[in-house]
Each structure stands twice: as structure tokens, then as C-alpha cells.
Amino acid sequence: MKQVLLVFLGGGLGSALRFLISKVLNPTFQHFFLGTFLVNIVGCLLIGFILGFSAKNNFLSENHTLLLATGFCGGFTTFSAFAFEKHSLLKSGELLHFSVYTISSIVVGIIAVAIGIWFTKL
């Protein structure tokens with residue numbers, strides 16, 4: 001039960017922070033959801049760092065990893081909003097913006113995870 005509460009706490013904090021960032025940054029560009037993009041990329045970087053650091057040093061306990069990676073990063077990042085935004089771009093015929101946003105989110109996200117893991121090896 002303690003582990004469920006840790007995921008719940010981390011997820012709530014991550015979700016609240018995601019909401020605030022998206023609320024402020026998403027209106028910045030008309031066809032690019034900057035807030036969602038940034039939280040997903042930062043979340044990728046964080047999870048790479050957290051899991052890489054945990055694997056390298058065995059410093060984080062299973063509970064810490066559940067709180068930070070599963071809870072916080074899971075609540076902070078958002079695949080459902082990402083998918084909905086893609087749908088809205090397709091529905092409005094914005095194929096170029098759809099393509100740029102989708103490809104950049106995936107590619108930069110994978111790179112961010114790799115950078116997070118790489119930092120733990122320094």
C-alpha cells in the first residue's frame with residue numbers, strides 16, 4: 001500500500017506541474033503545443049537521469065524510483081494530451097505542423113532519455 005501512495009503522490013505532483021506549464025506555454029504558438037512538448041521532453045530527460053542514476057549507483061531505493069520515475073514522471077508527461085493534439089492538427093488539416101510536432105516530440109524525447117542516462121555515467 002505504501003508503494004501505491006508513493007506513486008499517487010508523485011503522480012499528483014507531476015500532473016499539477018504539467019497542468020501549470022501547459023496552461024502557460026501551450027497558447028504561445030498556434031500550431032505547436034509548446035507546454036506539452038516541453039513537459040514530455042523534460043520528463044524523458046528526468047526518467048533517463050533517474051533510472052540511469054538508480055542503475056549505476058544503486059542509490060535510489062525501489063520506493064524512490066516509484067515516487068520519482070513511475071509517479072512524478074508518469075504524471076508529468078502526457079501521452080493522451082499528445083495524441084489529442086495530434087488529432088486536432090489532423091482534423092484541421094495541418095499536416096505539416098502535425099508531422100513536425102510528432103517527429104520532433106518522438107526524436108527529441110528519445111535523445112533526452114539518452115542524455116539523461118549519459119549524464120549518470122559522468
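Against which helices do the buried residues of α5 pack? In this predicted model, the buried residues of α5 pack against α2 and against α4, the latter formed by residues 79-91.

The protein contains five helices and zero strands, and the order of its elements from the N terminus is accordingly given as α-α-α-α-α. The C-alpha trace spans about 50 × 30 × 20 Å along its principal axes. Of the 122 residues in the protein, 34% are buried. Among contacts in the protein with a separation of 6 or more, 71% are made by residues 24 or more positions apart.

Helix α5 comprises residues 95-120, a total of 26 residues. From its first C-alpha to its last, α5 reaches 38 Å, which is close to the 38 Å expected at 1.5 Å a residue. The buried residues in α5 are Tyr101, Thr102, Ser104, Ser105, Gly109, Ala112, Gly116 and Thr120. An α-helix has 3.6 residues a turn, so residues three or four places apart point the same way. In α5, the buried positions include Ser105, Gly109, Ala112, Gly116 and Thr120, and the partners of the buried residues of this helix are α2 and α4.

Helix α2, formed by residues 34-57, also meets helix α3, formed by residues 62-76. The axes of α2 and α3 come within 9 Å and cross at roughly 170°. Because angles over 145 degrees count as roughly antiparallel, α2 is roughly antiparallel to α3. On the α2 side, the contact involves Val39, Val42, Gly43, Leu46, Ile47, Ile50, Leu51 and Ser54. These residues meet Thr65, Leu68, Ala69, Phe72, Cys73 and Phe76 in α3. The residues of this contact between α2 and α3 divide into 11 nonpolar, three polar and no charged.

When residues up to four places away in sequence are not counted, Ser54 touches Phe59, Leu60 and Thr65.

Methods:
Residues numbered from 1 in each chain as written. Predicted model: local features only at pLDDT ≥ 70, side-chain atom pairs only at ≥ 80, totals over all residues. Heavy atoms only, no water. Helix = DSSP H or I, 4+ residues; strand = E, 2+ residues; numbered from the N terminus. Contact = heavy atoms within 4.5 Å. Expected span 1.5 Å × (residues − 1). Buried < 20%, exposed > 50% of the residue type's maximum accessible area, 1.4 Å probe, protein only. Axes fitted to C-alpha atoms, helices over the stretch in contact; angles between N-to-C directions. Parallel < 35°, antiparallel > 145°, perpendicular 65-115°, else oblique. Nonpolar A, V, L, I, M, F, W, Y, C, P; charged D, E, K, R; others polar.
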